[in-house]
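Subject: Structure handover

Hello,

Here is the structure we talked about. Please open it alongside this note.

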Amino acid sequence: SIYTLSTGAATSIEDAAAAAGPAGAMWFQIYVWRDRSLTGEYIRRCREAGYKALCLTVDVPVLGKRERDFRNHFGLPLKISPQLVFDVLSHPAWFWRDYLTAPRITLPNIEGSNIDNDLTMMSKFIDSQFDPSVSWQDAAWMLEEWDGPFAVKGILCAEDARRAVDLGFSTIIVSNHGGRQLDQAPGPIDVLPEIVEAVDGRAEVILDGGVRRGTDILKAVALGAKACMTGRPFLYGLAAAGPAGADRVFEILGDEIRRNMTLVGVGNLAELGPQHLRQRK
């Protein structure tokens, strides 16, 4: 597997690379921010830490209207609500282990950016850095600065996929950002075939979004994806049981992949194709 570290992660670029070790395949997810010098600094740090590739997210020129966050009263600083109090009192072990006695949560990749080392202030700083004026020229600058394997994440149409490949991106990540950015955006699996056709083997295509079972991965591979990205299942596993929970997610997905390949009647992933799917009209 490959791990992609977020710009807004609670672990620094350097610490994550050290934990992965020399054999670990590390990518770094990056934005084009208003402060281009900060973007350049991330590129330098990733190069020095031995990251294999960068992953440019292009679908957040502004934050989407994330209605689930509104319904859950999620924000920084946290707002005390009856539901939050009930949740905390219902999980005393979590409250002690993961809040009262745990290290203070921070955003180490943002520290030192001339802002207070406070989670709320750092979050506001990130929000202020999203740049609606980002263009393909900015992407070209980043490609030149990195000069290595580079993925672009947030592509949902054939035209953008072709343009990204022409520009020099080596990987196209078909993603709608978990459905949290553009209202009514198509599901990545629905536009995957047209993007695979448009790329025509000139770059690898990865599916991101909605991967919860091994069969989801098999469907994506059958439609031409090289691999899949998923985040929430591993976060759920980690929250429930720590590192063992994340390992268990790998076991579940691997078992489902192998079992369902056998039931479909294929011996390896290369044999999968559209003929193994029945798509709804």
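His-177 sits in the loop between E5 and H9. Keep in mind throughout that this is a predicted model.

His-177 is buried, because its relative accessibility is 11% and the limit for buried is under 20%. Its side chain makes a polar contact of 2.9 Å with the side chain of Asp-59. Asp-59 is also among the residues His-177 touches, along with Thr-57, Val-60, Arg-66 and Lys-153; residues up to four places away in sequence are not counted here.

Asn-176 lies in this loop too, between strand E5 (171-174) and helix H9 (188-199). Is Asn-176 buried or exposed? With 12% relative accessibility, Asn-176 counts as buried. Its side chain has two backbone partners to look at. One is the backbone nitrogen of Gly-179, at 3.0 Å. Another is the backbone oxygen of Pro-186, at 3.2 Å. Leaving out residues up to four places away in sequence, Asn-176 touches Asp-59, Leu-156, Gln-181, Ala-185, Pro-186, Gly-187, Pro-188 and Asp-208.

**The cores**

The largest nonpolar core has 58 residues. Which residues have the most contacts inside it? They are Phe-28, Trp-33, Tyr-51, Ile-172 and Ile-195. Helix H10 (residues 214-222) gives the most to this core, namely five residues. A second core is separate and has seven residues, including Ala-53, Ile-173, Ile-206 and Met-229.

Beyond residues up to four places away in sequence, Trp-33 touches Thr-7, Leu-38, Thr-39, Tyr-42 and Ile-110, among others. Its list also includes Phe-125, Ile-126, Gln-129, Phe-130 and Asp-131.

**Salt bridges**

How many salt bridges are there? The count comes to ten. Three of them follow.

Start with Arg-36 and Asp-138. Their closest N and O atoms are 3.1 Å apart. Arg-36 belongs to helix H2 (residues 36-49) and Asp-138 to helix H7 (residues 136-146), so this pair ties together parts 102 residues apart in sequence. Arg-36 is partly exposed, at 24% relative accessibility. Asp-138 is buried, at 13% relative accessible area. Asp-131 joins in as well: Arg-36, Asp-131 and Asp-138 form a network of salt bridges. Asp-131 also touches Trp-33.

Next come Glu-256 and Arg-213, whose side chains meet in a salt bridge at 3.5 Å, N to O. Glu-256 lies in helix H12, and Arg-213 in the loop between strand E6 (204-208) and H10, so the pair ties together parts 43 residues apart in sequence. Glu-256 counts as buried, with 16% relative accessibility.

Glu-251 and Arg-248 both lie in helix H12, three residues apart, which is about one turn of the helix. Their side chains meet in a salt bridge at 3.1 Å, N to O. Glu-251 is partly exposed, at 46% relative accessibility. Arg-248 is partly exposed, with a relative accessible area of 46%.

**The segment after H12**

Asn-268 lies in the segment after helix H12 (243-264). Asn-268 is partly exposed, with a relative accessible area of 37%. A polar atom of its side chain lies 3.1 Å from the backbone nitrogen of Ala-270. Where is Asn-268 relative to Ala-139? The two are 129 residues apart in sequence and 36 Å apart in space, C-alpha to C-alpha.

**A surface patch**

Last, the surface. Trp-94, Trp-96, Tyr-99 and Leu-100 make a nonpolar patch of about 500 Å². Tyr-99 is in helix H5 (residues 92-100). Why does Tyr-99 count as exposed? Its relative accessible area is 52%, and exposed means over 50%.

Best wishes

Notes: Residues numbered from 1 in each chain as written. Predicted model: local features only at pLDDT ≥ 70, side-chain atom pairs only at ≥ 80, totals over all residues. Heavy atoms only, no water. Patch = residues over 30% accessible without salt bridge, like charges linked within 9 Å, V, L, I, M, F, W, Y side chains within 5 Å. Areas by Shrake-Rupley, 256 points an atom, 1.4 Å probe, with all protein chains shown as cover. Salt bridge = Lys/Arg side-chain N within 4 Å of Asp/Glu carboxyl O. Helix = DSSP H or I, 4+ residues; strand = E, 2+ residues; numbered from the N terminus. Buried < 20%, exposed > 50% of the residue type's maximum accessible area, 1.4 Å probe, protein only. Core = buried A, V, L, I, M, F, W, Y, C linked by side-chain atoms within 4.5 Å. Contact = heavy atoms within 4.5 Å. Polar contact = N/O pair within 3.5 Å; in protein donor to acceptor, adjacent residues only side chain to side chain.
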